[in-house]
Amino acid sequence: MFKVVSSNICKKSLTRFSIVAQAHTAAPAAPGHHAVEPQFKQAEVYPRIGNREIVGFGRNGEPSYFDSPDCPCPAVRWKEDTPEIKALREKAKGDWTNLTVEEKKILYRADFRSTISETVAPTGEWKFIVGSLLGIMGATIWGYYFFTKAIYPVKLETSSNEHQARMLERMIAQGVGRVHGVSSKWDYETGTWKK
Amino acid sequence: MLSTFRAPLMRALSLRAVTARSYSAAKESDDDFDSRWESYFKRPTLDGWELRKGINDMQGFDNFPEPRIVVACLEACRRLNEPSLATRYLEALRWKAGKDAKVIYPWLIQEIRPTLDKLKIATPEDLGYEKPEFGLKSVFEMKGPNDY
């Protein structure tokens, strides 16, 4: 399906598009500039674009197509040249009163994939994003509920008050914190807390 | 006596004028800019490649084209038999007007109405393209070349 093209042919034929100086200069260009014979057969050398006509520089000289309001004229036409479209283009060489609105629309869609208003139209993607965000927040709240109710309330034997009193008694007996801690507040002579 | 002062005075003044000249590129006046672009589109040997490059470049400038430049561009479209490019250009100008599109765009259409009627160019409103017609997928969501 694809013909393997050697890379030096591609490089040679793409130089047409990297010459920026010919367009958009203050001085009028030489009158013979217009005639640049293509030294390639379109469909042979550009397996990517097929039968499409290359019409301009585009954004960077590559024969690619994309719709963008700040670069309204892409480098290739959108649709491949078919006999119907060719016939319409021939008709467009005459007076444009003969072109009906439908034919003008067909010609437009043959050159361009979408109109600029379609390109900048809102896509509604924000609804997907906000919905996902709220969904994740909801899942987080469910997770929090699960953790606080099922995982966190752990019944340890050592949490009860009686156990803590036994631990305190043992700490005083061992003399834990005799200088600044718990046992410093215990009066060992009388066996009560210090006043 | 005045004449003995005048010559060195004149020399001093001219010297000051010379040293006051800036070394950056000369600023082009608005009229020169407009005329340059208008003559670019009026050139009879313009081809489609240059016309499109001109439109794309103008779209990037920080100014709105004068009606006479728009007229010259539309006439170039007519010479090169491209009705859809003329419509595309008007759509692009509408976008370029940005927030002030409701004010600038009708004014522009009114200014170029004689040309539109003479060349029978369809504005986007004539084709129904000021509102989106198709809801095409963005290219990042398409799963194949024919998945619209």
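User: What order do the elements of chain B run in, from the N terminus on?
Analyst: They go α-α-α-α-α-α-α, and the count for chain B is 7 helices and 0 strands. Helices here are DSSP runs of H or I with at least four residues, strands are runs of E with at least two, and both are numbered from the N terminus. By the way, this is a predicted model, where local features need pLDDT of at least 70, side-chain atom pairs count only at pLDDT 80 or more, and totals for chains, interfaces and linings use all residues. Residues are numbered from 1 along each chain as its sequence is written, chains are lettered from A and ligands numbered from 1 in the order written, and side-chain values use heavy atoms, leaving out hydrogens and water.

User: Why is Met137(A) called partly exposed?
Analyst: Its relative accessibility is 44%. Buried means under 20% relative accessible area and exposed over 50%, with partly exposed in between (1.4 Å probe, protein chains only), so at 44% Met137(A) counts as partly exposed. Met137(A) sits in helix H7 of chain A, residues 125-151.

User: What does UniProt list for residues 126-147 of chain A?
Analyst: An unreviewed UniProt entry lists them as "transmembrane region"; such annotations may be inferred rather than shown by experiment. In the model, that span is 100% helix and 0% strand, and its end C-alpha atoms lie 31 Å apart.

User: What makes the link between Glu91(B) and Tyr108(A) a polar contact?
Analyst: Their side chains meet at 2.4 Å. The cut-off is a pair of N or O atoms within 3.5 Å, one able to donate a hydrogen and the other to accept it, so this pair qualifies. Glu91(B) belongs to helix H5 of chain B, residues 83-96.
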